[in-house]
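Please open the model in your viewer and keep the selection tool at hand. The stops below say what to select next and what is there.

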Amino acid sequence: MWWTVARKEWKLLIKEKGVFFWLLGLPIAFIVLFGGIFSDNGRSSVEISYIDLDQSAASRAFVQAIEGAGGYRMTEAAEGEMADKIQQIRDGKEAVLLVIPRGFGQAVESADGSQASVAVYRDAAAESTAGPLLAVLENLANRYRDGKVKTALEATGLSEAWQEGVMAAPLRIDDRPENAASFSGITQYVPGYTVMFVFFIIISMIRRFIGDRDSGMVARLRSTTMKPVSYLAGMWVAYLVVALIQCAALLAFGHWVYGMTLGDVGAVAALVVTLALCGTGLGLALAMLVKSENQGMAYTQLLAFGGAVLGGLWFPSDLMPAAMRTIGHFTPQFWAQKAFQDIIVRGMHTADIWPSLLVLAAFALAGLAVALLRFKTFLKSALG
Amino acid sequence: MKTAIEIHGLGKSYGGKTALRNISITVREGSCFGLLGPNGAGKSTTMKILAGLLEFDAGTVKVLGADVRRSGDRIREKLGYVPQSITLYEKLSPLDNLTFFGEMYGVRGDELKKRMGEVLEQVGLADRAKDPIASFSGGMKRRINIAAALLHKPKLIIMDEPTVGIDPQSRNHIFEMIRALKREGVTVLYSTHYMEEVEALCDHLAIIDHGNVIAEGELNEVLDRFGTQAVYLELAEGEQPPALPGFGKPAAQGRGWLLETASPLEAITGWASACKERALSVKRLEVVRPSLETVFLALTGTTLRDS
């Protein structure tokens with residue numbers, strides 16, 4: 001009997017085009033939108049205007065050094081444009097203007113202790129652009145100072161080894177990325193929106209259960225030879241399969257369209273099954289608990305959007321305050337996203353993500369338990 | 001004669017409100033039994049109890065010889081329940097809906113295909129089997145609503161107001177279907193607001209009001225016991241009916257007059273003589289059979305539709 005209920009539900013879902021929009025169209029739209037913005041994360045460059053009043057070899061080398069640092073595309077403006085550029089910065093239309101004054105090259109190369117300078121005009125509100133640029137300039141200034149020191153040391157006639165010892169930094173940063181694959185916007189957003197929209201299936205589940213209850217369908221089915229629990233099981237299986245297809249389609253989209261590496265496919269499959277069990281288990285529980293469709297919508301949105309923010313689906317949870325991160329640990333979304341990141345970014349396998357699978361399975365079991373406990377009340381309200 | 005339904009002293013309350021006080025009904029196998037009463041009288045509650053959908057507080061209920069409290073599953077195999085509301089999936093076709101309900105009743109494979117073909121013929125919608133239910137008229141939906149309860153060849157069909165708001169064509173289809181079921185020996189329990197439907201279909205009936213059975217028996221017996229006989233006279237335009245000594249005053253009805261009396265033979269001969277003496281042009285003069293409408297009025301003091 002449960003198979004008959006599940007098959008009927010699939011026939012109905014195929015006829016409801018809105019379901020495709022909510023479960024596939026909307027998440028793909030979000031992935032495309034955010035993927036378009038962040039897929040080139042680390043490789044995109046910010047355009048910086050500069051005016052080179054010095055026009056010397058040293059000033060040109062300075063500009064090239066900035067570009068060489070990565071992340072910036074330097075665009076030269078004429079001297080006469082300076083007033084306009086500064087006004088544009090004041091109006092918030094441009095973020096930064098770098099001005100290399102006359103005499104820059106001479107000052108850099110002189111050994112008499114005179115100091116070269118560059119001016120950075122910036123929009124106070126464009127900290128995200130100007131801040132990193134100032135750090136790059138600071139780094140370049142240090143390199144110029146090191147060059148001067150080296151020249152002075154060479155003039156002393158001391159041994160090369162001694163000079164190198166003096167020039168060596170007292171602190172060396174040893175960068176050792178431990179992830180098997182690299183992190184990018186896509187590895188954040190594809191799993192993030194997959195996890196988020198799995199919970200949107202709860203809306204469809206609530207609509208069908210409440211609709212069947214209010215239309216008298218549940219009462220009518222009770223007059224047949226069907227065991228009541230077959231109805232619950234059939235509906236659950238129907239939506240479980242839909243959630244599995246939804247996850248597979250969204251991850252495949254990320255893989256084929258954006259080249260996202262999936263990592264251990266077996267581990268991804270285990271995670272997707274557990275996630276689908278969790279989403280539909282909680283859906284069953286909510287469908288049995290709510291009195292009306294509107295109430296169900298409100299709770300689902302709270303669960304889906306609240307969990308998305310706290311669970312780190314929209315941005316890494318490391319960026320959140322400690323208290324919010326702690327609260328996030330109580331959401332299934334956090335554990336699902338963590339497990340996806342573990343597999344896709346950190347190259348982990350099923351054996352490594354078992355705590356996440358366990359938490360998701362616990363949420364699924366809790367949802368099923370609530371649904372079974374409340375099913376009698378649901379039936380009573382349907383038959384009354 | 002075997003009984004299909006035996007109800008004794010049935011009582012049911014919802015949250016302190018009494019729906020059924022003391023219902024006792026016996027329905028013979030193979031008969032069509034009409035359950036008549038105004039809204040809120042307790043018809044649907046009685047039917048839901050018989051279908052095993054509701055628990056009850058007092059009394060005993062046997063369906064097809066089995067106690068509904070103890071043998072619900074066994075009864076459900078032989079029972080078809082047509083609810084008052086149209087409970088179909090409107091985005092699906094009749095074939096999809098019937099496949100779903102057929103399997104819910106345990107009918108599968110070739111047997112189900114055969115039965116779907118038969119019931120679709122019965123309800124006159126075989127040519128619309130693949131169209132979505134949403135495109136159907138109210139009457140067509142009601143016909144499929146009934147068809148869904150017939151797939152497993154039930155011995156008892158409970159129909160809760162199956163003809164509400166439908167067109168005459170659909171009503172005729174449903175009437176023909178019920179008559180065919182009766183011929184096959186299926187027991188039909190039929191609730192309705194419409195007295196003429198009970199008169200047209202049912203052999204037996206019970207009138208329920210405020211959770212009590214206020215009249216029960218064979219149709220003719222109930223009409224004889226509770227109805228008042230009358231004589232109807234229709235004359236040419238402008239002519240007035242002659243007064244009959246010893247009888248009451250006739251009441252205007254339609255184009256003529258109705259005289260209620262316990263002695264219809266004397267009244268009709270009296271009116272015939274008086275009209276002849278006065279050379280009145282008689283268009284119709286007949287003894288009128290008591291109607292359920294008048295029975296209901298006599299028993300409850302109100303008409304069914306007003307109540």
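Begin with chain B, where the C-alpha centres of domain 1 and domain 2 lie 42 Å apart. To colour the two, select residues 3–224 of chain B for domain 1 and 229–289 for domain 2, bounds that come from an automatic or database domain assignment. This is a predicted model, in which local features need pLDDT of at least 70 and side-chain atom pairs count only at pLDDT 80 or more, while totals for chains, interfaces and linings use all residues. Residues are numbered from 1 along each chain as its sequence is written, and chains are lettered from A and ligands numbered from 1 in the order in which they are written.

Next, show both chains and look at their contact, which takes 18 residues from chain A and 21 residues from chain B; two residues are in contact if their C-beta atoms, placed from the backbone, lie within 7 Å. On the side of chain B that touches chain A, α2 (72–77), β6 (79–82) and α3 (94–104) each supply at least two residues, and α3(B) gives the most, with four residues. Helices (H or I, at least four residues) and strands (E, at least two) are DSSP runs, numbered from the N terminus.

Now select α1(A), residues 2–15, together with α3(B): the two helices pack at an angle of about 165 degrees, with their axes 10 Å apart. Because angles over 145 degrees count as roughly antiparallel, α1(A) is roughly antiparallel to α3(B). Axes here are lines fitted to C-alpha atoms, for helices over the stretch in contact, and angles run from 0 to 180 degrees between N-to-C directions. Show the side chains of Thr4(A), Lys8(A) and Lys11(A), which meet Asp96(B), Phe100(B), Glu103(B) and Met104(B) in α3(B).

Methods
Angles under 35 degrees count as roughly parallel, over 145 as roughly antiparallel, 65 to 115 as roughly perpendicular and the rest as oblique.
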